[in-house]
Each structure stands twice: as C-alpha cells, then as structure tokens.
Amino acid sequence: ASSFARMFVQVCLYFYCKCLWRCLKFVVRKLTGQCELQRICYNTKPGAARTMKIEASLKGSKSKRLQTSVSVHPDAIEKTIDDIMELKRINPDINPQLGVSLQACLLQIVGYRNLIAEVEKLRREPYDSENPQHEEMLLKLWKCLKPNSPLKARISKQWCEIGFQGDDPKTDFRGMGLLGLYNLVYFAEWDTEIALQVLSDSLHPKYSIRTLIFFLSLSQLSKAEWEKKKFDKAIGYSFAIVGINITDLVYNLLVSGALKTHFYNVAPEAPTLTHFQQTFCYLMHEFHKFWIEEDPLDIMEFNRVREKFHKRILKQLQNPEMALCPHFAASESLINM
C-alpha cells in the first residue's frame with residue numbers, strides 16, 4: 001500500500017510540475033515576446049550548452065512536429081527550420097539569426113544520431129580475412145607501426161610485437177569488429193609520433209630518458225614529480241588489445257550520449273567519424289599517461305585502472321564547456337552561429 005501511495009504521489013507531482021512548467025513558459029513568452037527557442041539562442045553562446053538546451057526543448061515539446069525535428073534527414077533540416085518558425089509564429093525576416101542558429105544546432109543533433117549509426121555499423125561488421133580491403137588495412141597498421149620490420153608472413157608471432165594476442169589478429173577484433181581496426185590505423189597513421197611512443201613504452205620493460213623527456217613535454221608535472229613516481233618500472237600492456245578496449249570505451253561514451261558535450265563543442269556542424277577517431281587518439285594517449293600515473297603492479301589491474309579512467313572522463317564531460325581534444329577545437333565559424 002505504501003509503495004502504491006508513493007507511486008501515486010510521484011505521478012501527481014510529475015503532472016503538476018509538467019503543467020506548471022508549461023504555464024510558466026506561457027507567461028514568460030507573453031512577458032518577453034520570445035518563445036523558448038528564441039531565448040535559448042539569444043541568451044546562450046554557441047556550443048554544447050546551446051545545442052543541448054535546444055535538443056531538450058524540442059524533445060520536450062507538446063508538438064509532435066517539434067519532437068520529430070531532432071531525427072530528420074540532414075537534407076530536410078532547412079525545411080524543418082521553416083516549419084519550426086511557422087509553428088512558433090516567428091518572422092524569419094525580423095529574426096534572421098535565429099534560423100542560422102537553429103540550423104547549426106539541428107545539424108549537430110542529427111549528425112550525432114547519424115554518427116552513432118555509422119559507428120555501430122562498423123562495430124557490427126566482423127573482420128573478414130577473405131576480404132582484401134580488411135587485409136589491406138591490417139597490413140597498413142603493421143607498416144605504420146613497424147616501418148623498418150617487414151612482416152614475414154600473414155600468420156606470424158610478429159603480431160605480438162604490436163600488442164595482439166596471437167598469430168592472427170583477426171580473432172582480437174571480435175568485440176569491436178572493424179571499428180577497432182579503423183581506430184588503430186587512424187591513430188598509427190595520423191598521430192604517428194605518439195602512437196609509436198606509446199607502443200614503444202608498452203613493449204619495453206623500463207622507461208628510457210627519451211621517454212621521460214617526451215612525456216615531460218606533454219605534462220604539467222615537474223621532472224622531480226615524475227621521478228618520485230619511479231618511472232623505471234614495467235608498463236606491461238598489449239598496445240593493440242588496449243586500443244580495442246579504448247575503442248569500446250569511446251563507443252560507449254558515444255552511445256550513452258556522454259560525448260555530446262565534446263562533439264557539440266568541437267564540431268561546428270555535424271560530428272563525423274573523423275571526430276570520433278580523433279577522440280579515440282586523444283583518449284588512447286590520455287589512458288597511457290593515466291596508466292603510468294596509477295602505477296599498477298601488473299596487467300591484472302587493467303580493469304580497475306580503466307574504470308577509474310572512465311569515471312574521470314565522464315566527470316570532465318559533465319562540464320558543458322568541455323572539449324576533450326583542445327588541438328581539434330572547433331573553427332572560429334562556431335562563434336558566428
């Protein structure tokens with residue numbers, strides 16, 4: 001009985017708050033002469049803060065046309081903006097900037113949904129050793145990471161040198177499908193210096209002076225602070241396997257919606273697969289530094305370190321100003337939207 005009473009009170013409160021909120025919106029519109037979409041666009045700077053408010057406003061609207069506007073085809077966005085302006089009785093000639101701002105927000109919102117679909121398609125496609133394109137990508141990964149060491153055979157123990165578990169890497173891609181391979185190749189090809197350094201560190205039992213100098217240049221820690229952490233111990237993890245695992249982490253951040261903050265801040269319009277892969281590169285590098293800072297005893301602590309790292313990234317993404325990759329920041333055109 002008490003459980004039913006609590007549920008009844010919660011339902012009553014929900015409908016009361018919903019009705020009250022709609023009444024407040026009506027009063028504010030009458031006082032300001034602006035609808036909620038106008039107030040958001042005019043009072044919130046472009047980026048995640050604005051786009052997420054627009055998305056919530058459209059999804060929470062009582063109008064089905066507004067609710068479905070967040071899932072239209074990209075080619076239908078201009079028509080959707082016209083429909084919104086008409087439905088809200090907004091004169092586009094008097095409010096020209098509103099249409100531009102709404103279009104930018106919708107491009108990001110729709111683009112994020114489409115990116116999830118694209119990433120999911122790659123994740124569901126298994127690696128096929130009979131597919132020449134798949135094989136070409138795998139061999140490209142080897143050439144990028146081991147440019148001076150020719151692969152002696154397609155099935156070879158050499159694959160362990162870049163962090164695969166056995167003689168044939170195809171078995172390691174089962175969890176993330178082609179998505180794991182796509183990310184590793186992108187990292188090795190476009191962020192080559194860091195990828196090679198991370199690979200080198202993961203293979204060698206002790207840190208070299210070159211490694212210390214490299215990470216000092218990328219860290220805010222002083223040399224003395226780094227030395228206190230005893231960076232002469234083994235790192236001990238498999239580069240490729242960890243890359244596939246970090247792919248899983250980025251994938252889950254994307255699907256859960258946690259990456260909206262980041263993508264809405266770095267992509268002036270629709271976020272793309274390239275934005276996703278750049279984020280993977282950044283998190284791969286950040287995880288490597290985090291692993292060193294955590295100073296684990298051995299690889300058996302991997303899940304603990306990964307979970308702690310995941311929580312730290314989630315906390316960072318709660319900040320609407322957050323852009324994970326500062327060197328992939330949005331163009332100045334975002335300011336003018």
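The axes of helix α12 (residues 239-256) and helix α14 (residues 273-294) come within 9 Å and cross at roughly 125 degrees. Axes are lines fitted to C-alpha atoms, for helices over the stretch in contact, and angles run from 0 to 180 degrees between N-to-C directions. This is a predicted model: local features need pLDDT of at least 70, side-chain atom pairs count only at pLDDT 80 or more, and totals for chains, interfaces and linings use all residues. Residues are numbered from 1 along each chain as its sequence is written, and side-chain values use heavy atoms, leaving out hydrogens and water.

- The angle makes α12 oblique to α14 (under 35 degrees is roughly parallel, over 145 roughly antiparallel, 65 to 115 roughly perpendicular, the rest oblique).
- Residues in the contact (heavy atoms within 4.5 Å) include Phe-239, Ile-246 and Leu-253 of α12 and Phe-276, Leu-283 and Phe-287 of α14.
- By class, this contact of α12 with α14 has 13 nonpolar, three polar and no charged residues (Ala, Val, Leu, Ile, Met, Phe, Trp, Tyr, Cys and Pro are nonpolar; Asp, Glu, Lys and Arg are charged; the others, Gly among them, are polar).

**The whole chain**
- The chain has 15 helices and zero strands (DSSP runs, numbered from the N terminus: helices are H or I, at least four residues; strands are E, at least two).
- Of its 337 residues, 46% count as buried (under 20% relative accessible area; exposed is over 50%, partly exposed in between; 1.4 Å probe, protein chains only).

**Cysteines**
- The structure holds zero disulfides (pairs of cysteine sulfur atoms within 2.5 Å).
- The sulfur of Cys-281 lies 8.4 Å from the closest cysteine sulfur, in Cys-325, too far for a bond.
- Cys-281 is buried, at 1% relative accessibility.
- Cys-160 is partly exposed, with a relative accessible area of 31%.
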